[in-house]
Every structure is written in structure tokens, then in C-alpha cells.
Amino acid sequence: QVQLVESGGGLVQPGGSLRLSCAASGSIASLYAMSWYRQAPGKERELVAVFPSGGSANYAHSVTGRFTISRDNAKNTVYLQMNSLKPEDTAVYYCKVDLDVLYRGYRELWGQGTLVTVAS
């Protein structure tokens, strides 16, 4: 059994910053890619950033230069630092973790989602 717990969302003014965290816990054998997605009202879920286990991060064009994804493998945690936030960044943000669960094999797990609202 593996659980993902997200934190860090909230209300922020345009131009402000937030840091999201997503911690995995439980019977983790191996961690692979760790990602952040978001879903704005009335829109489909979209990829924001992905950090592969053995490569460099990639970002959606709309957040490049403003958002930074990082991971701490010792803590099984992925972060999303969001700077220069814009109203169009308002969405529910979800982490996704690809991993091997001990004795159960490969899984793709989603966090519960955290709401980010950018408004003055």
C-alpha cells in the first residue's frame, strides 16, 4: 500500500509564489517519474512538469521559466516551486508518481489534489 499526500496550495496574489509538496509513503520498492498536473475549471487535466528518475525535468511551455520541479528521493517527495503566478495558473494541482510497489509491481498513483487560486 502506498499513499500520496499533497500540501501547499492556497490563495495567492498575481506575481506571488507557492510551493507544492507531494510525499509518497508505504511499501515503495522503486520510484520512477514524478510529475505535476493541473486541471482548471471546465478544462482537461494537463501536464505541468515531469522529473524522470534518471533525467532532467521538462515543463509545459506555459510555465517554463516560472515553475521548478524538484525531487528528494530520500524523502520520496516531489516539489513544485511556482513563481510569478498568474490568474491563469488557477487550478487543482495533482502530483503523479510512477513506482514499483513492494510485491505488487508497477503502479501510477495520483495525489488527492490541492487547489491553487491566483487572484487579487
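Tutor: A disulfide here is a pair of cysteine sulfur atoms within 2.5 Å. Keep in mind that this is a predicted model.
Student: How many disulfides does the structure hold?
Tutor: There is 1 disulfide in the structure.
Student: Which residues does the disulfide join?
Tutor: Cys22 and Cys95, with an S to S distance of 2.0 Å.
Student: Where in the chain are Cys22 and Cys95?
Tutor: Cys22 is in strand β3 (residues 18-26) and Cys95 is in strand β9 (residues 91-101). They are 73 residues apart, so the pair links distant parts of the chain.
Student: Is the disulfide right-handed or left-handed?
Tutor: Right-handed, because the torsion about the S-S bond of Cys22 and Cys95 is about 50°.
Student: And Cys22, buried or exposed?
Tutor: Cys22 counts as buried, because its relative accessibility is 1% and the cut-off for buried is under 20%. Cys95 is buried too, at a relative accessible area of 0%.
Student: OK, on to the sheet. What order do the strands have in the open sheet of 4 strands?
Tutor: The order is β1-β3-β8-β7, and the pairing is antiparallel.
Student: Which are the edge strands?
Tutor: β1 (2-7) and β7 (67-72), each of which pairs on one side only. On average, neighbouring strands of this sheet are turned by 15° against each other, ignoring direction.
Student: Back to β3. How many bridges join β3 to β8?
Tutor: 6 bridges join β3 to β8 (residues 77-82), and the two strands run antiparallel.
Student: What is the bridge partner of Leu18 in β8?
Tutor: Leu18 has Met82 as its bridge partner there.

Notes
Residues numbered from 1 in each chain as written. Predicted model: local features only at pLDDT ≥ 70, side-chain atom pairs only at ≥ 80, totals over all residues. Heavy atoms only, no water. Buried < 20%, exposed > 50% of the residue type's maximum accessible area, 1.4 Å probe, protein only. Pairing = 2+ DSSP bridges. Axes fitted to C-alpha atoms, helices over the stretch in contact; angles between N-to-C directions.
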